[in-house]
Amino acid sequence: MASRVLAQCVRTLARSSARLSGGNLAVRAVAAPVSASHRSFSVISNAERRRVLEQSRVSVVSVWCRQYGDLPPLTLETIRDRVMYVLKLYDKVNPEKLQTTSHFMKDLGLDSLDQVEIIMAMEDEFGE
Amino acid sequence: MAAYLTHQQKVLRLYKKSLRHLESWCIFRDKYRFYACLLRQRFDDGVGEKDMVKATRLLKAGEEEFWTNQHPQPYIFPDSPGGTSYERYECYKAPEWLLDHWHPSEKSQYPDYFSKRETWKKLREQSWDREVAQLQAETPAGGPLSEALPPARQEGHLPPMWWQYVTRPRERPT
């Protein structure tokens, strides 16, 4: 039933994308008393369809661009955030003292064995 | 010609591969974490050894223990040597000098890249002598010890062999 509702939503979106703003006001006025009254199958599907239409109106743009299964994009900010997140999770590192310019051995007092562990954590994080 | 590993490098390599094989044996994360901490304690006990003879004996014992306890099919990352996807797309990575042999009608389909390429070629002509001079000054006599290239030492200079890095093919073809 949900798939039927969604299919109807997509069809109505494709047909009436231009008059969505005008049509929804009347639709919303109709939907409120309809949902309060007795529930039959067709009534529920109508109310759900209109509610889903209202909610999915915001994301009309994202419907047209497909998101295949892919990794998140690698930008400097995302890489830096992920690296800092992983380093803060390490128990031998003081998270307050951690910065992007801090040296492992001099500032944070880590060992070369800790360095190996950090490298392994980075490999696990970024999928090597 | 001959690059030997230092004792520290050998110990660190043993630590890393033993941790990776331990991860292949103990698949549940909390169990792996427990045994990894025990292993780390064993390595930490031998860290303060000053006598090199004893240290190499410890290392040899460690390597033998690793050999007997290794996992038959350890988890190797796909892109690393021995993994499933290692060098899988190497055959599709064409050398970059082929781009110069394209027909102008093909080149006109990517005007931004080829105009950028022309400016980079002029940059390469200017900086090539400086890169060669820097490399000749910094390589030790008897050949380089490793494949690592030094960074640019002065303001306005480009790092040596930057052209090969900048025009390298993509990791994954689309």
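Chain B has six helices and zero strands. Its elements run α-α-α-α-α-α from the N terminus on. Helices (H or I, at least four residues) and strands (E, at least two) are DSSP runs, numbered from the N terminus. This is a predicted model, in which local features need pLDDT of at least 70 and side-chain atom pairs count only at pLDDT 80 or more, while totals for chains, interfaces and linings use all residues. Residues are numbered from 1 along each chain as its sequence is written, chains are lettered from A and ligands numbered from 1 in the order in which they are written, and side-chain values use heavy atoms, with hydrogens and water left out.

**The two chains**

Chain A also has six helices and zero strands. Along its sequence the pattern is α-α-α-α-α-α. The table gives the buried share of each chain; buried means under 20% relative accessible area, exposed over 50%, and partly exposed in between (1.4 Å probe, protein chains only).

| Chain | Residues | Buried |
|---|---|---|
| Chain A | 128 residues | 26% |
| Chain B | 174 residues | 21% |

A contact means heavy atoms within 4.5 Å. In chain A, residues 24 or more positions apart make 52% of the contacts with a separation of 6 or more. In chain B, that share is 57%.

**Where the chains meet**

The contact between the chains takes 16 residues from chain B and 14 residues from chain A. The two chains bury about 1300 Å² between them, 56% of it on carbon and sulfur atoms. Buried area is the accessible area (1.4 Å probe) that two parts lose on being put together, summed over both. K16(B), R40(B) and F77(B) supply 39% of the area that chain B buries against chain A, more than any other three residues.

**Pocket and cavity**

A cavity is a set of points where a 1.4 Å probe fits but cannot get out. A pocket is an open set with protein on both sides within 12 Å along at least five of seven lines. Lining residues have an atom within 4 Å of a point. Points are joined across faces, edges and corners, and a volume is the space filled by probe spheres set on them.

The largest pocket has a volume of about 880 Å³. It is lined by 31 residues, and the closest to its centre are V11(B), L14(B), R42(B), F43(B) and G62(B). Both chains take part: α6 (112-126) of chain A and α1 (7-25), α2 (29-45) and α3 (52-69) of chain B each give two or more residues to the lining. By class, the lining has 17 nonpolar, nine polar and five charged residues. Ala, Val, Leu, Ile, Met, Phe, Trp, Tyr, Cys and Pro count as nonpolar, Asp, Glu, Lys and Arg as charged, and the others, Gly among them, as polar.

There is one cavity of 30 Å³ or more. The largest cavity has a volume of about 30 Å³. S127(B), R130(B), E131(B), Q134(B), H157(B) and L158(B) line it.

**Local details**

E87(B) sits in the loop between α3 and α4 (104-107) of chain B. M161(B) lies in the loop between α5 (111-138) and α6 (162-166) of chain B. M161(B) is partly exposed, at 24% relative accessible area.
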